[in-house]
Amino acid sequence: MSEALNPETPEAVLDDDADQAEEEKPLKQRKNGLYPGVSDELAESMKSGWADTELHGLEPIPQAAYTAARRAALSARFPGERLVIPAGNLKTRSNDTEYPFRASVEYAYLTGNLTEDGVLVLEPATNGHKATIYLLPRSDRENGEFWLSGQGELWVGRRHSLTEAEQLYGIPASDVRELTDALREATGPVRVVRGYDAGVEAALTDKVTAERDEELRVFLSEARLVKDEFEAGELQKAVDSTVRGFEDVVKVLDKAEATSERYIEGTFFLRARVEGNDVGYGSICAAGPHACTLHWVRNDGPVRSGDLLLLDAGVETHTLYTADVTRTLPINGTYSEIQKKIYDAVYEAQEAGIAAVQPGGKYRDFHDASQRVLARNLVEWGLVEGPVERVLELGLQRRWTLHGTGHMLGMDVHDCAAARTETYVDGTLEPGMCLTVEPGLYFQADDLTVPEEYRGIGVRIEDDILVTEDGNRNLSAGLPRRSDEVEAWMASLKG
């Protein structure tokens with residue numbers, strides 16, 4: 001990886017007043033950089049001789065009409081108040097390298113823009129609000145920023161100009177470097193989405209309260225409970241790519257056996273990066289007893305014939321909507337008798353849960369339906385004393401099933417997390433809501449309360465379910481779920 005001359009300073013001043021400016025903001029060099037400085041001649045050369053690359057006649061992004069409607073709903077909820085929604089900043093991974101940037105969900109949901117340092121501001125107006133998107137403009141060629149800054153264009157790539165951004169996002173754009181001064185001078189009620197931009201929060205420190213800001217965060221979380229047409233389409237894209245990623249994994253299980261779970265992780269990641277933005281969360285590639293660890297993301301264990309592979313993974317689209325799908329697969333292509341027994345019980349529980357996802361029904365219904373089936377099987381197997389009602393009342397089945405049976409899905413894998421309990425867990429399902437149904441049974445390798453043949457077996461089956469006007473649609477139906485269908489599917493892929 002090459003070294004920028006000046007990665008720490010966003011602007012290297014090389015204009016006509018260079019001597020005075022450099023006294024105010026000296027050029028910072030790497031301690032062990034190979035160039036001691038920049039000659040006047042080189043600085044002058046780098047200012048000119050560049051073609052005009054401004055883009056004209058850009059079409060709005062596909063979701064522009066939807067983001068405008070979302071901003072209108074936000075405006076109606078908080079009339080007369082200034083609303084500030086930051087994208088966030090780059091985070092250091094180590095020394096002078098950063099993590100890949102991912103914009104805050106609230107900002108991306110309202111703008112469609114995904115670049116670092118952006119801020120959406122809704123200013124109170126006579127009729128609602130005036131929206132402005134504050135962004136970094138093209139990096140400056142006159143002062144050398146574009147080639148001397150570690151975040152300059154020649155190092156990390158071209159940014160859109162403010163004029164281009166206005167065409168793409170349908171929002172007036174301004175230079176974000178002028179925003180904090182403006183926010184400090186702002187009067188009237190202000191709310192900000194916290195946790196993403198310390199500079200913005202510092203500028204508003206005497207104007208906001210935690211309680212009012214939390215109301216803004218909660219509203220934006222609840223606004224995402226019901227997906228619009230664009231969002232439903234993006235979720236289907238994410239799932240379709242995820243289905244292909246699972247197929248990729250099955251085709252290379254022999255190579256995973258020769259290496260480790262990381263071969264599985266890398267195989268799925270390739271599909272996610274080729275067809276989407278990234279994985280929506282750390283892929284769980286849990287073989288053998290690792291399947292009993294709910295969030296096994298180390299993915300450094302062996303892959304053995306005769307064991308099960310619990311693969312929980314999802315592709316994230318370029319618009320940040322993620323799938324979340326799990327299949328538990330026999331590594332050699334065929335379930336053993338005990339594996340099939342446990343798998344089929346989980347499948348039965350999932351079938352009951354999916355059937356309970358209906359508009360007008362309670363959100364909890366799918367969880368309760370799945371848990372009832374799991375509890376009944378545990379009683380029938382003699383692992384816990386019945387009756388089933390007693391088991392459910394005391395939660396005794398949780399020793400082997402542990403987690404809830406699903407969650408909302410969207411731009412976050414656990415979407416709408418800040419929503420009020422009465423609108424989420426205790427709420428009613430509506431068309432457009434998207435959730436996972438993912439029952440599981442996990443028999444830990446050291447669990448002496450179950451027969452030895454159960455120990456080390458973990459099974460989870462997870463699908464992404466969209467609530468429709470007349471029931472539901474399984475977005476991930478492209479992946480088989482029934483045990484015999486899974487075996488036939490794997491055999492066909494291995495050819």
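Buried means under 20% relative accessible area. Keep that cut-off at hand for the first exercise. The model used here is predicted.

**Exercise 1. Decide whether Ser241 is buried or exposed.**

Step 1. Locate the residue. Ser241 lies in helix H11, which spans residues 229–251.

Step 2. Take its relative accessibility. The value for Ser241 is 5%.

Step 3. Compare with the cut-off. Buried requires under 20%. Ser241 therefore counts as buried.

**Exercise 2. Find which residues Ser241 touches, leaving out those up to four places away in sequence.**

Step 1. List the partners. Ser241 touches Arg271, Glu275 and Val315.

Step 2. Look for a polar contact. The side chains of Ser241 and Glu275 make one, at 2.6 Å.

Step 3. Ser241 and Lys340 are 99 residues apart in sequence. Their C-alpha atoms are 27 Å apart in space.

**Exercise 3. Describe how helices H14 and H15 pack.**

Step 1. Two packed helices are described by the angle between their axes and the distance between the axes.

Step 2. Read them off. H14 (residues 337–355) and H15 (residues 365–380) pack at about 155°, with axes 7 Å apart.

Step 3. Classify the angle. Angles over 145 degrees count as roughly antiparallel. H14 and H15 are therefore roughly antiparallel to each other.

Step 4. The crossing of H14 and H15 is right-handed.

Step 5. Inspect the contact. H14 contributes residues including Ala345, Val346 and Glu348. H15 contributes residues including Phe366, Ala369 and Arg376. By class, the contact of H14 with H15 has eight nonpolar, four polar and two charged residues.

Notes: Residues numbered from 1 in each chain as written. Predicted model: local features only at pLDDT ≥ 70, side-chain atom pairs only at ≥ 80, totals over all residues. Heavy atoms only, no water. Axes fitted to C-alpha atoms, helices over the stretch in contact; angles between N-to-C directions. Helix = DSSP H or I, 4+ residues; strand = E, 2+ residues; numbered from the N terminus. Parallel < 35°, antiparallel > 145°, perpendicular 65-115°, else oblique. Left-handed = near helix turned anticlockwise from the far one by under 90°. Contact = heavy atoms within 4.5 Å. Nonpolar A, V, L, I, M, F, W, Y, C, P; charged D, E, K, R; others polar. Buried < 20%, exposed > 50% of the residue type's maximum accessible area, 1.4 Å probe, protein only. Polar contact = N/O pair within 3.5 Å; in protein donor to acceptor, adjacent residues only side chain to side chain.
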